[in-house]
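Reader: Could you show me the model and let me ask what stands behind the words used for it?
Author: Gladly, here it is.

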Amino acid sequence: MDIEVAVIGAGPVGMAAAAFLHHAGVSVRVFEAAPERAGQSRATTVHPRTLEVLDALPDDAGSLAARMVAEGNPVPAAHFATLPNLLSYTGLDTSFPFVLMLPQPETERLLAEHLAEQGVVIQPGWKLADLTQDEQGVTIVSETGDTQRVGYVVGADGAHSATRHALGLGFPGNPASTVGFLADVRLERPPAHPHNWDCERGSYSVLPLPGGIHRIFGHEPGDTGLTPEEAARRQALIPDETELRATLKRLADDDFGITEVIWASRTGDTTRHVEQYRTGRVFLAGDAAHVHLPAGGQGLNVGVQDAANLAWKLAAEVKGRAPRRIIDGPQSYDAERRPIAARLAANTLAQAALMVTFTPGGKALRDLMSGLIGRDGDTADELRGWLSGLEVSYAEDGSLVGRRVPNLPLADGRTLHRALRPDRLTLVAFGSTVPEGENVVRSTRDWHDLAAVLVRPDGYAAEVWTAGEKITADWMER
Ligand SMILES: Cc1cc2nc3c(=O)[nH]c(=O)nc-3n(C[C@H](O)[C@H](O)[C@H](O)COP(=O)(O)OP(=O)(O)OC[C@H]3O[C@@H](n4cnc5c(N)ncnc54)[C@H](O)[C@@H]3O)c2cc1C
């Protein structure tokens with residue numbers, strides 16, 4: 001089959017999936033409804049774990065992640081629910097100990113350039129209308145009646161996913177009850193504090209983006225407690241410069257000298273999660289599988305990690321060498337990623353409650369949570385590990401299997417994340433006991449006193465051995 005995998009949607013998740021699949025040796029094509037790139041700003045934050053997985057995509061700058069870092073604005077800390085005490089990323093065990101502020105169109109442009117350099121085709125103006133599948137493949141049908149026969153489909157076509165509709169899957173969850181404002185603007189005098197919250201007036205945040213632009217967002221008390229109909233009506237009213245000025249004056253007594261509104265939108269707290277991530281030969285990833293309030297900048301990040309988790313498993317299946325447990329067993333895409341998005345939904349709902357409960361009780365709760373974060377103890381560690389993505393894990397009961405393996409320095413001068421191969425597992429040896437072999441690398445740093453760890457293409461431990469245990473790299477054959 002010419003096209004082994006069709007990716008529906010050239011958003012960040014679809015393009016990342018296509019890049020990972022291509023590097024794993026799969027013939028892949030991306031089908032995108034829009035005739036040209038829309039350039040909506042939307043996501044502005046790229047967290048460390050996302051940069052780590054994109055660091056495995058090689059290009060002239062070293063990696064796609066290196067290119068993103070060169071164009072973005074690294075800031076040292078993340079916010080949780082816009083609380084005043086921030087979560088510092090400095091000192092995290094990663095090559096990217098910062099939040100990268102990079103508007104989504106830039107991330108998308110860099111992904112699109114990467115795909116073009118690799119010869120992966122993005123077909124614009126091709127809108128999926130329907131699909132049917134049998135045991136040999138999938139037939140995808142465009143709105144204009146064009147049909148393509150492909151091996152598998154990754155539906156990364158966003159919140160209103162036609163792929164999800166064609167599969168007839170439910171998308172249970174909560175409709176929006178809160179709708180805030182959001183815009184990218186130029187300001188003459190940005191405020192001193194990024195996050196500001198007042199029980200009676202509401203909240204506003206002002207964050208620096210590259211190029212002298214600021215992202216502003218917030219809520220007023222009247223933005224909350226809406227019926228689904230009210231929320232839908234409000235979501236459709238995009239604020240213009242006059243309204244943004246008036247809103248900021250009500251919230252802060254100052255419009256901070258807005259000189260230009262580059263892009264404006266509304267944020268809602270609709271929270272939905274698809275029933276299953278795989279139906280036969282068709283998968284869902286990113287916003288097609290889960291939507292939530294964009295709080296803490298997580299949607300794009302979790303979606304790109306969906307893509308990283310799925311791509312190597314699907315590549316192995318396409319090539320006929322996938323063990324059952326990664327197809328429909330405990331290490332399958334659905335089994336590993338659905339609990340992550342369930343946690344994402346809960347996390348963003350909790351942030352929404354902290355952000356828009358404009359009552360004395362809401363204030364007390366914010367003060368309590370911010371105080372706990374400010375102590376920099378377990379609470380801060382837990383939230384930091386989650387938001388950065390570095391402690392997201394598929395391990396059970398404290399086991400190392402399923403944990404992210406850090407970017408270990410290797411004896412040959414490389415680091416682990418760039419040494420990972422998209423189409424095979426990498427055996428990392430910590431001592432001299434492991435035999436030389438293809439895809440065996442030696443770490444010059446210890447990790448949990450192990451003798452060796454077998455690392456999956458997405459950077460998680462598949463199997464671990466302590467000193468004296470027999471080491472076998474036949475995980476894919478078992
Ligand atoms: C206002 C706002 C602010 C946000 N801020 C952040 C943030 O700071 N950090 C963060 O991580 N996330 C943020 N998000 C979320 C983030 O933008 C999304 O999670 C991310 O875009 C999801 O990527 P995706 O590729 O899954 O879907 P999308 O970006 O929606 O891409 C889907 C693609 O599929 C195409 N498509 C749709 N239907 C079809 C079809 N039938 N056939 C073919 N193609 C189709 C679309 O044209 C689009 O190109 C924000 C979202 C919003 C709305």
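What follows is a conversation about strands, sheets, the ligand and a few single residues.

Author: A word on the basis: this is a predicted model, in which local features need pLDDT of at least 70, side-chain atom pairs count only at pLDDT 80 or more, and totals for chains, interfaces and linings use all residues. Residues are numbered from 1 along each chain as its sequence is written, and side-chain values use heavy atoms, with hydrogens and water left out.

Reader: Why is Gln298 called buried?
Author: Buried means under 20% relative accessible area, exposed means over 50%, and partly exposed lies in between, with a 1.4 Å probe and protein chains only. Gln298 has a relative accessible area of 4%, so this residue counts as buried.

Reader: And what makes Lys319 partly exposed?
Author: The relative accessible area of Lys319 is 35%, so the term partly exposed applies. Its place is in the loop between H8 and helix H9 (324–327); helices (H or I, at least four residues) and strands (E, at least two) are DSSP runs, numbered from the N terminus. Ala159 is 160 residues from Lys319 along the chain, and their C-alpha atoms are separated by 30 Å.

Reader: What makes the link between Gln298 and Trp386 a polar contact?
Author: The term asks for a pair of N or O atoms within 3.5 Å; within protein, one must be able to donate a hydrogen and the other to accept it, and residues adjacent in sequence count only if both atoms are side-chain atoms. The side chains of Gln298 and Trp386 make such a contact at 2.8 Å. Gln298 itself is found in the loop between strand E22 (290–291) and H8.

Reader: Why is strand E17 described as largely enclosed?
Author: Six of the six residues of E17 (residues 214–219) are buried, so the rest of the structure largely encloses this strand. Both faces are covered: one side has His214, Ile216 and Gly218, the other Arg215, Phe217 and His219, all of them buried.

Reader: How do you know that E17 pairs with strand E14?
Author: Two strands pair if DSSP finds at least two bridges between them. Strand E14 (residues 179–187) and E17 have five, in the antiparallel sense; in one of them, Ala183 has Ile216 as its partner.

Reader: What joins strand E16 to E17?
Author: Six bridges do, and E16 (residues 202–208) and E17 run antiparallel. Tyr204 has Gly218 of E17 as its bridge partner. The hairpin of E16 and E17 has five residues between the strands, and Gly211 takes a positive phi near 80° there.

Reader: Which strands make up the open sheet of four, and in what order?
Author: The order is E24-E23-E25-E26, with mixed pairing.

Reader: What makes E24 and E26 edge strands?
Author: Strand E24 (440–442) and strand E26 (461–465) each pair on one side only.

Reader: What holds E25 in place between its neighbours in the pairing scheme?
Author: E25 (residues 452–455) and E26 pair in the antiparallel sense over four bridges, with Val453 partnered by Val464 and Ala452 by Trp465. Strand E23 (residues 426–429) also pairs with E25 in the antiparallel sense over four bridges, and Thr426 stands opposite Val455. Both faces of E25 are covered, with Ala452 and Leu454 buried on one side and Val453 and Val455 buried on the other.

Reader: How do you know which residues surround the ligand?
Author: A residue is near a molecule or strand if one of its heavy atoms lies within 4 Å of it. For the ligand, 31 residues surround it, and the closest are Glu32, Arg42, Gln104, Asp287 and Leu300. The largest share of this shell, three residues, comes from H8.

Reader: What is the make-up of that shell by class?
Author: It has 15 nonpolar, eleven polar and five charged residues. Here Ala, Val, Leu, Ile, Met, Phe, Trp, Tyr, Cys and Pro count as nonpolar, Asp, Glu, Lys and Arg as charged, and the others, Gly among them, as polar.

Reader: Which atoms of Gln104 and Gly297 lie by an oxygen atom of the ligand?
Author: For Gln104, an N or O atom in the side chain is 2.8 Å from a ligand oxygen. For Gly297, a backbone N or O atom lies 3.3 Å from a ligand oxygen.
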